[in-house]
Number of protein chains: 2
Amino acid sequence: MSPPADAPRATSSVELTTEQIGPLVDDAVVWANQHGLLVALKDPKFVNPEYAVIHAPLSLTPVPFPRERFELAQKVQPLFNSLVDAVAADEPYLEAVLRPAAQHDEFTARLLRVLSDTRGARAALRAAGSEVALGIHRSDYMLDAPSGKFLQVELNTIASSFGCLSALTTRLHGYLGLRMEGLDASSLPPNPSLEALPDALAAAAAASGHMGPGRGGVVVMVVQPGERNAYDQQWLQLQLWERHRLRTLRMTLADIARTARLDPGTGSTAVLAGGQPVACFYFRAGYTPNDYPSDAEWAGRELVERSNAAKCPTVAYQLAGTKKVQQDLARPGSLERFVPDPRDAALLREFFAGLWSLDPADVAADVGGAAGAVRQALEHPEAFVLKPQREGGGNNLYDEELRQRLREGGEGLSAFILMQRILPPTNQSVLVRNGQWQQSDTLSELGIYGTFVRHNDKVLVNQQAGHLVRTKTASSNEGGVAAGFAVLDSPFLVG
Amino acid sequence: MSPPADAPRATSSVELTTEQIGPLVDDAVVWANQHGLLVALKDPKFVNPEYAVIHAPLSLTPVPFPRERFELAQKVQPLFNSLVDAVAADEPYLEAVLRPAAQHDEFTARLLRVLSDTRGARAALRAAGSEVALGIHRSDYMLDAPSGKFLQVELNTIASSFGCLSALTTRLHGYLGLRMEGLDASSLPPNPSLEALPDALAAAAAASGHMGPGRGGVVVMVVQPGERNAYDQQWLQLQLWERHRLRTLRMTLADIARTARLDPGTGSTAVLAGGQPVACFYFRAGYTPNDYPSDAEWAGRELVERSNAAKCPTVAYQLAGTKKVQQDLARPGSLERFVPDPRDAALLREFFAGLWSLDPADVAADVGGAAGAVRQALEHPEAFVLKPQREGGGNNLYDEELRQRLREGGEGLSAFILMQRILPPTNQSVLVRNGQWQQSDTLSELGIYGTFVRHNDKVLVNQQAGHLVRTKTASSNEGGVAAGFAVLDSPFLVG
């Protein structure tokens, strides 16, 4: 998310008096508790710290967004899904774009190494008709008040979270909309993520050939050891069971390294200690260096990549979602290499913010206007953000820090991108955390989920798959729902 | 519930290994949390102690019950509903039966006083066609191993709880039954309480004439100040909203005394401070003297009784559910006065345990065999229970204490009844509390809900309305789910 700005103020969707807020907060908290819109309290008093729970942090009322731009973001999502797939297929491109950053970012370097080390194995999978790639992406936007456009903050291709809790938040706002005056619940767009995400997982698992009577395939959800967002994941697991009778096992990368192996018969079937073949590996971890504390975790990741299970994501998908690739695609002509129809490319570019390389060679050659952007950023740092290639949030540089880092210069800047600062409108929201509410000026970020399944050359699924709105106080600089800074919200379409 | 006994051992419905139990407990806890099968943690750290929650105490597998006897208990429930209504209509009978106990029990005396003080007002309501009585009863049974019959422990006519959480427990066991081998989920009888209880409330509210466009009537749920079982109640509130668009206000008796009044225009319409008329008063409190710490609460109760709102229950319904009345109905010929069809009376008596008056006059005259029963109880106290007229549980006397109290004698014994001790079979259960499980020998109690709505002489609803099974370790003497002794369970029908 972008930091606060002297941005215009949008009209709040609903004006509430303090007398109305109290009972409505009670309605919201109880409904959230009753319907599994939960986070774990992490109270060490309980045998499992996930067992004692409380409502997820939430906004009492939805946030207004322009209908036409919201619907355009939904419409463009399949194009982003296809773009990720096309970029991921061009491994020389990925390597060329990421090599400079990899020199200063060991994590990117290691992912590139997995990509090259598994190339032969993956070619064999493809030749055997066993390549199944699953994308569960989320394209994150902020509304840019000056232009009136949603501009892409980033495109997440691994571990996109909150899809299930977000769908529950939409239902909560539908319920509250009927309980209170003034909110037209029909302006809440439907949010199919609670169905669309498990359906994509099931389609990918089925394509792997390991599901069905007598085959016993399972879905492995790759999780972090001390997972903070268990109920979002648990909803996905429950929906996989309820809608598809698919069993999910939760394993860390270390668990996979320790207990899984490639079946010597096929050479590529991932088999667990219990003898079950894995139909799909679904990563809700693996996006940060912290998830790979030792070589064992990297060995687990490589085993997944060599296996004939469906992978969400492949290493190539993960690399296609990096900021450095995002920045490179924004260069004139770069995106267009991967998008056959020029109208589609133009539509995608409607969502691109200004993005510039800080690689010294690019700046020297003023590629895509990099030199001019750096000059402007030194003069007006408040109009830019400096983002490291590394994932995880919380590492962006703004204002004076940005200026200082640019002045420092050096080769290390290759691992950063320079980005136009998006100026979102502020709203008035009632934020509810741990049952306590607070009325604040807020900023909101929109995420659109996309699902994509490809079995060798056949695209089985490619669709918009729901949305997420996260809202935070305008005075906090960044951070997500799980980190306690933002709350779950919904869009309320106007215009 | 009865205490442990040298009773026969039933075969458990499912045999689980320790390796199977762990993952299944995790499935159960997560499902319960996701679906609102919750209790509040009462953690004072939170602004509202109801907001932080954990799964309700539950049994991992359902308990076997004989199908034919279970279905008979369902079938007989409408007869019990009609019986309560008939007994309540015979106020001279209620007064005659309860007067001796009232001399030693101030609570019963006070309820009788409300009954007589409001007699004129209630007659006027009836004359105006405005009498609406709502029964949400629960008839509690234990399976008596020697006879193979369900014998009635008590018939609750006020604040019968756990209807909603019980329906969720049935769903949980249906889910777990599909997740594990060996349990045939089709042997879990449907449990309609999550629909039937709110539907009866809505029917009664509608009959009051205060609902519908422009009339703005509300349902008042009368609750205890520090309610322990909030989520069971919240489900009822939510279902009233979702199924009937009825708003519920939670008020204590003191709140009612302070803010409600009878509208001077009609003389009988209960009106709240906000100006809304009350369509239905639904008591989830008011069954123990603790709920009436001062005259204000009694004034609240009397206001309800004088109002033309639907009442669940009326004071007469409440008195018809007392143990003393239960005992009197068991006397030869007594039940038959209220049940026109002798076959119905015989069917009801299938569920009666041995019950005897301890009123000195009754014992002297050996009414219903009272003198013989007292002699037997002195010799074999282990075959009897001594129960006070007072509600609330935890006050029963067994074994040596029972013998001593009988020997003490005195007029005070009029406030007790002597009851045959039911000898339930024990089962093996996995009990789960706060995420921790324990395998135990257990006893189970079955409750059958009944709903009944009468508008003047017209019976609008009279049905069986779902069930509840509570299970506790065979070694604990008594106590309920809310008190932390028992867990929620489901029946699994065999034979």
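A polar contact is a pair of N or O atoms within 3.5 Å; within protein, one must be able to donate a hydrogen and the other to accept it, and residues adjacent in sequence count only if both atoms are side-chain atoms. By this rule, 13 residue pairs, both at pLDDT 80 or more, are in polar contact across the interface of chain B and chain A. Salt bridges (a side-chain nitrogen of Lys or Arg within 4 Å of a carboxyl oxygen of Asp or Glu) number 0 between chain B and chain A.

The model is predicted: local features need pLDDT of at least 70, side-chain atom pairs count only at pLDDT 80 or more, and totals for chains, interfaces and linings use all residues. Residues are numbered from 1 along each chain as its sequence is written, chains are lettered from A in the order in which they are written, and side-chain values use heavy atoms, without hydrogens and water.

Contact (heavy atoms within 4.5 Å) joins 33 residues of chain B to 33 residues of chain A. The copies meet through the same surface, because 100% of the interface residues of chain B are also interface residues in chain A.

The buried area (accessible area, 1.4 Å probe, lost on putting two parts together, summed over both) is about 3,000 Å² between chain B and chain A. Carbon and sulfur atoms give 56% of it. In chain B, B:Gln34, B:Tyr51 and B:Arg179 lose the most area to chain A, together 24% of what that side buries.
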